[in-house]
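Trainee: I am new to this protein and would like to go through it step by step. Please show it to me before we start.

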Amino acid sequence: MMDFCIVDAFTDKPFGGNPAGVVFLPEGGSFPDDAFMRSLAAELRYSETAFVRRESENEYSLRYFTVTDEVELCGHATLAAFSVIFGKQDAGASCLAALTKAGRLAVEKHGDLVFMDMATPADISVIRDGAALKEIYACAGLEPSQGAEWPPEVISTGLPDIILPVASREALNAMRPDFPMMSALSERMGVTGVHAFALGKAASSPQEETVAYCRNFAPLYGIDEEAATGTANGALTWYLHKRGLMGGLARYVQGEAMGRPSTVYGRLSRQDEGQAGATGGGARVQIGGSCVLVAW
């Protein structure tokens, strides 16, 4: 017997943030047939639905389906699932493990927030060619002159996305993407979609907070716009870190254009090479936020 719930992730208020379907499978059982999980996700019509199976006291396997396809990792659905797990009295430890197709990731509870490790950051490409820049900004409904001083990059912390800097919050809010064009571009470049951001405040010291406003588009996977995106904001955390714009914590405001405001927290810590959880260069990227159980 499967248990199903609806959780709003990256918000502390019901019907805010990004909703996810979470399906808990019987312990010791198998994952359903792929076609069944894909069909159930399409029926539920959330951007992603997580299927969760407990493997041991502190380990859980997760698989994620959009309305059209399986994806290797979904940040908001992971946090949604573990917020429920941590909320159970028998959850035990404050640090658990998510076993995903993107790897084994630590998930931690810190007060009212749940943080999860991102996959090792991968720098895939930097986009500087004039024709390529024009095409990428055009699919977002912008001109290259509306970009910021930094180039777009394709980065993955679980899923590859185009990180697209925009000069101002006003330009970000005015974006009107060409979704067929963006889908074709995403397929050709092998990315999930486009994560556009306008920097609100860059930290000038490790004690300060970085603020950025974001919009995320993944029409290739049936998601025209998403209210909160864990993997893409993980990639943005790495992008900002490389440019010296990250403090100890980043706060990403997303979903305003959809009427579902979300708050996503990103942080990056330094660790010794080879230490568990460390990523390239000894950096560990984590994404976190609050979650609200809406229905069970």
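The questions below go from the whole chain to single residues.

Mentor: This is a predicted model, in which local features need pLDDT of at least 70 and side-chain atom pairs count only at pLDDT 80 or more, while totals for chains, interfaces and linings use all residues. Residues are numbered from 1 along each chain as its sequence is written, and side-chain values use heavy atoms, with hydrogens and water left out.

Trainee: What is the mean pLDDT of the protein?

Mentor: pLDDT is the predictor's confidence in each residue, from 0 to 100. In this protein 94% of the residues reach 70 or more, and the mean pLDDT is 91.

Trainee: How many helices and strands does the protein have?

Mentor: Helices (H or I, at least four residues) and strands (E, at least two) are DSSP runs, numbered from the N terminus. By that rule the protein has six helices and 18 strands.

Trainee: What is the radius of gyration of the protein?

Mentor: The radius is taken over C-alpha atoms, and the globule rule is 2.2 Å times the number of residues to the power 0.38. For 296 residues, a compact globule would come near 19 Å, and the value for the protein agrees with this: 18 Å.

Trainee: What percentage of the residues count as buried?

Mentor: Buried means under 20% relative accessible area, exposed over 50%, and partly exposed in between (1.4 Å probe, protein chains only). Of the 296 residues of the protein, the buried ones make up 54%.

Trainee: Is Ala50 buried or exposed?

Mentor: Ala50 lies in strand 3, residues 49-56. Leaving aside neighbours within four places in sequence, Ala50 is in contact with Gly21, Val22, Val23, Leu62, Arg63, Tyr64 and Ala77. Because its relative accessible area is 0%, Ala50 is buried.

Trainee: Phe10 has a positive phi although it is not a glycine. Where is Phe10 found?

Mentor: The phi of Phe10 is about 65°. Phe10 is buried, with a relative accessible area of 1%. Its place is the loop between strand 1 (3-9) and strand 2 (18-24).

Trainee: Arg45 also has a positive phi. Is Arg45 buried or exposed?

Mentor: Arg45 has a phi of about 65° and is not a glycine. Arg45 sits in the loop between helix 1 (34-44) and strand 3. Its relative accessible area is 63%, so Arg45 counts as exposed.

Trainee: Which residues does Ala102 touch, not counting those up to four places away in sequence?

Mentor: Ala102 is in the loop between strand 6 (95-100) and strand 7 (103-110). At 23% relative accessibility, Ala102 counts as partly exposed. Its contacts are Glu72, Leu73, Ala119 and Gly158.

Trainee: In which strand is Gly288 found?

Mentor: Gly288 has 0% relative accessibility and therefore counts as buried. Not counting residues up to four places away in sequence, Gly288 touches several residues, among them Phe10, Leu79 and Val114. Gly288 belongs to strand 17 (residues 283-289).

Key:
Contact means heavy atoms within 4.5 Å.
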